Amino acid sequence: MNRPPAPPGRPVGAVTRGTTGHNRLRRADRWIAAGYAGLLRSAARPLVVDLGFGASHVTTTELFLRLRGIRPDVEVIGVEIDPERVAAALPYARPGLSFAVGGFEMRPAPRPPVLVRAFNVLRQYGEAEAGAAWDLMRSRIAPDGVLVEGTCSEVGHRAAWVALDASGPRTLTLSTRFSGFGRPSDLAERLPKALIHRNVPGEAVHRLFEDLDRAWAVCAPYAAYGVRQRWPATVETLARTWPVVRHPPLGGRARWRLGELTLPWSAVAPAVHRG
């Protein structure tokens, strides 16, 4: 097996478990494609980085194929800190799709990416370390670029992610398969590192899940028509008291029917950061 060359300087970060699988990140990819198609189409030479792709090339390749449907000349680089994982992925490279050794500094990127996807890479870090990683990644994106950082279950049926731009976090999105939960607060286990330890009384994200479960209970009569009807009704009920994103491309009933819910980051930010 040929080892890929290491980038100059030591990559920033640590090796993760690397667990991945087909369509594990489909929910996030679908949201990215809907929300940031305009960004990809308007960029002169769109570069996308999939950071920490893990033990298989598969989710990076899926992201590449999905974004090529929007912008046929998009370039995607899978960046991974483990050289052996990169070596295993190299045979799957093709024009526009490459793999390289690197960390949060994204040094292999030949130019600032317009979009970075980083999933399931920060769960093992402390909250302060994860915040520093956010800052480093944001410093590497294009001026109008976006970082999508989050976590999901092993099969991708529960997920949550934060979208950040150069100025900081902008939105939180919850996404679920309709057969993947008993009540909405089950998604709390997949909150990004910045929020998962904040799901305690007195914090906004804890109140969000309390209100979301309450709205779910209020909308129980919709269960007769299936969860696909009950979830949008639940989000609509929640939107009476929470600033749910209600309009495309990141919100609205079309997104809700896919099991999504997006809110401004300011509505759920940890108390120490608000104001």
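The dialogue below sets values against definitions.

Student: What kind of model is this, and how are residues numbered?

Tutor: This is a predicted model, in which local features need pLDDT of at least 70 and side-chain atom pairs count only at pLDDT 80 or more, while totals for chains, interfaces and linings use all residues. Residues are numbered from 1 along each chain as its sequence is written, and side-chain values use heavy atoms, with hydrogens and water left out.

Student: What is the mean pLDDT of the protein chain?

Tutor: pLDDT is the predictor's confidence in each residue, from 0 to 100. The mean for the protein chain is 93, and 95% of its residues reach 70 or more. Over residues 1-7 the pLDDT is below 50. That stretch has 16 contacts in the model beyond near neighbours in sequence, where contact means heavy atoms within 4.5 Å.

Student: Why is D29 called buried?

Tutor: Buried means under 20% relative accessible area, exposed means over 50%, and partly exposed is in between, with a 1.4 Å probe and protein chains only. D29 has 1% relative accessibility, so D29 counts as buried. D29 lies in helix 1 (residues 26-35); helices (H or I, at least four residues) and strands (E, at least two) are DSSP runs, numbered from the N terminus. Leaving aside neighbours within four places in sequence, D29 is in contact with E62, L63, R66 and R117.

Student: Why is strand 1 described as largely enclosed by the rest of the structure?

Tutor: Five of the five residues of strand 1 are buried, so the description holds. L47, V49 and L51 are buried on one side, and V48 and D50 are buried on the other. In a regular strand the side chains alternate between the two faces of the sheet.

Student: How do you know that strand 1 and strand 2 are joined?

Tutor: Two strands pair if DSSP finds at least two bridges between them. Strand 1 and strand 2 are joined by five bridges and run parallel. For D50, the bridge partner in strand 2 is G78.

Student: What makes V76 buried?

Tutor: V76 has 0% relative accessibility, so V76 counts as buried. V76 is in strand 2 (residues 75-80). Apart from neighbours within four places in sequence, V76 is in contact with V48, T60, F64, G96, L97 and S98. V76 and F64 are twelve residues apart in sequence, with their C-alpha atoms 6.0 Å apart in space.

Student: In which sense do strand 7 and strand 8 pair?

Tutor: Strand 7 (residues 168-176) pairs with strand 8 in the antiparallel sense, over five bridges. L172 has L263 in strand 8 as its bridge partner. Strand 8 (residues 260-264) is mostly covered, with four of its five residues buried.

Student: Why is the pair of F53 and F99 called edge-to-face?

Tutor: A pair of aromatic rings is described by the distance of the centres and the angle of the planes. Rings of Phe, Tyr and Trp (its six-membered ring) pair if their centres lie within 6.5 Å; planes under 30 degrees apart count as stacked, over 60 as edge-to-face and the rest as tilted. The ring centres of F53 and F99 are 5.4 Å apart and the planes are at 65°, so the pair is edge-to-face. F53 is buried at a relative accessible area of 3%, and F99 is buried at 6%.

Student: What makes F181 and W231 an edge-to-face pair?

Tutor: F181 and W231 are 5.6 Å centre to centre, with 70° between the planes. F181 lies in the loop between strand 7 and helix 6 (193-196) and W231 in helix 8 (residues 227-238), so the pair ties together parts that are 50 residues apart in sequence. F181 counts as buried at 11% relative accessibility, and W231 is buried at 0%.

Student: How do you know that the charged end of R230 sits over the ring of W216?

Tutor: A charge sits over a ring if NZ of Lys or CZ of Arg is within 6 Å of the ring centre and within 35 degrees of the ring normal. The charged end of R230 sits over the ring of W216, 3.9 Å from its centre.
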